[in-house]
Amino acid sequence: MVDHPTPPPFTADTTATDALTAQEREARSFGFRAINPAEKAPLVQGVFSSVASRYDIMNDLMSVGIHRLWKADFVSLVNPRAGETILDVAGGTGDIAFRMAAKAPAARIMICDLTEAMVRVGRDRGIDKGSMPGWDQAPETRGGLPTGGLQWTVGNAESLPLPNRSVDAYTIAFGLRNVTHIDKALAEAYRVLKPGGRFYCLEFSQVNLPILRELYDRYSFEVLPRIGQVVAGDRDSYQYLVESIRRFPEREALCRRLEAVGFAQAKARPLTGGVAAIHSAWRV
């Protein structure tokens, strides 16, 4: 049997949490721990500050390398075009942004991440790649997005430092499950997208096949944290990342929440038997 096949119930302040909505319990969740929602963003920053320099290794470990295929599929679905303005949220290291820039060199791409250490890694990689990225922590003071290329900024998905209706596409890969208030982040995505704009989210999801689910749970809970300790000297961060996947909404539930904030035609596409999924929707 797997040690932790399903999330245990919240144990902190049980009487108080019984009356909370699912979204409120979600905001109090840091993996399987119940916390004060105000603590979540700093805790998430701590996790990603710890893994920033080894982020690609982390993704390889968590997906057994398959994340590279998922990201290629994701960018193909986004289909960035010349002249478009694209916002990549929680994309600090630039992995998605570099792929989009390679597909559409004349697109304007902004990368926004909560964690400064992740942004610095991405910016340094951009310089190494010769993309000459900018980095502005207050882009609104420049009248919005730059006129071309890549730009990094530090910001929260729940309060994006961008004007209304300013981007053609919004992408977020392996970041939405780390947001404190998911519905606020979805509403912010809707706010900054232009009418007709496109929303895309790549995230770990719920495995469909029972045999694959058993193997995946065993690897996630019994193997991955130990590898994290050996490779990165950080078992706790990897334990949180594994647990956060199990706290993330089911695919159809997330589609309903997208439509609740105003999006249309929300749909989910499972990848690798449901290990991950791409959610997409239109801003009307």
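This is a predicted model: local features need pLDDT of at least 70, side-chain atom pairs count only at pLDDT 80 or more; totals for chains, interfaces and linings use all residues.
Strands are DSSP runs of E of at least two residues, numbered from the N terminus.

The protein as a whole comprises 11 helices and 10 strands. It has 284 residues, 52% of which are classed as buried. The accessible surface amounts to about 12,200 Å², and carbon and sulfur atoms account for 53% of that area. When contacts between residues at least 6 apart in sequence are considered, 69% of them link residues at least 24 apart.

Two helix pairs were examined. Helix H9 (residues 210-232) and helix H10 (residues 235-247) have axes that come within 7 Å and cross at roughly 155°. Because angles over 145 degrees count as roughly antiparallel, H9 and H10 are assigned to that class. The crossing of H9 past H10 is right-handed. On the H9 side, the contact is formed by Tyr216, Asp217, Ser220, Phe221, Leu224, Pro225, Arg226, Gly228, Gln229 and Ala232. The H10 side contributes Arg235, Tyr238, Gln239, Val242, Glu243, Ile245 and Arg246. By class, the residues of this contact comprise 8 nonpolar, 4 polar and 5 charged. Phe221, a residue of helix H9, is buried, with a relative accessible area of 4%. Phe221 and Val242 are 21 residues apart along the chain, and their C-alpha atoms are separated by 7.1 Å; both residues belong to the contact of H9 with H10.

The second pair consists of helix H4 (residues 55-63) and helix H5 (residues 67-78), which pack at an angle of about 100° with their axes 9 Å apart. H4 is therefore roughly perpendicular to H5. Here Asp56, Asn59, Asp60 and Ser63 of H4 meet His67, Arg68, Trp70 and Lys71 of H5. The residues of this contact divide into 1 nonpolar, 3 polar and 4 charged.

His67 lies in helix H5 and is buried, with a relative accessible area of 1%. Apart from neighbours within four places in sequence, His67 is in contact with Asp56, Asn59, Asp60, Asp95 and Phe174. Among these partners, Asp56, Asn59 and Asp60 take part in the contact of H4 with H5. Phe174 lies in the loop between E7 and H8 and, at 4% relative accessibility, counts as buried.

Most residues other than glycine have a negative phi. Phe174, although not a glycine, has a positive phi of about 55°. Val64 likewise is not a glycine and has a positive phi of about 55°. Val64 is situated in the loop between H4 and H5. With a relative accessible area of 62%, Val64 is exposed, whereas Phe174 is buried.

Helix H8 (residues 182-192) includes the buried residues Ile182, Ala185, Leu186, Glu188, Ala189, Tyr190 and Val192. In an α-helix, residues three or four places apart point the same way, because there are 3.6 residues a turn.

Towards the end of the numbering, strand E10 (residues 276-282) contains Ala281. Ala281 is buried, with a relative accessible area of 2%. Ala281 is 13 residues from Ala268 in sequence, and the C-alpha to C-alpha separation of the two is 9.0 Å. Leaving aside neighbours within four places in sequence, the residues in contact with Ala281 are Gly197, Arg198, Phe199, Leu258, Phe263, Ala264, Gln265 and Ala266.

How values were computed: Residues are numbered from 1 along each chain as its sequence is written. Side-chain values use heavy atoms; hydrogens and water are left out. Axes are lines fitted to C-alpha atoms, for helices over the stretch in contact, and angles run from 0 to 180 degrees between N-to-C directions. Helices (H or I, at least four residues) and strands (E, at least two) are DSSP runs, numbered from the N terminus. Angles under 35 degrees count as roughly parallel, over 145 as roughly antiparallel, 65 to 115 as roughly perpendicular and the rest as oblique. A crossing is left-handed if the near helix is turned anticlockwise from the far one by less than a right angle, and right-handed if clockwise. Contact means heavy atoms within 4.5 Å. Ala, Val, Leu, Ile, Met, Phe, Trp, Tyr, Cys and Pro count as nonpolar, Asp, Glu, Lys and Arg as charged, and the others, Gly among them, as polar. Buried means under 20% relative accessible area, exposed over 50%, partly exposed in between (1.4 Å probe, protein chains only). Accessible areas come from the Shrake-Rupley method with a 1.4 Å probe; for residues, only the protein chains shown count as cover.
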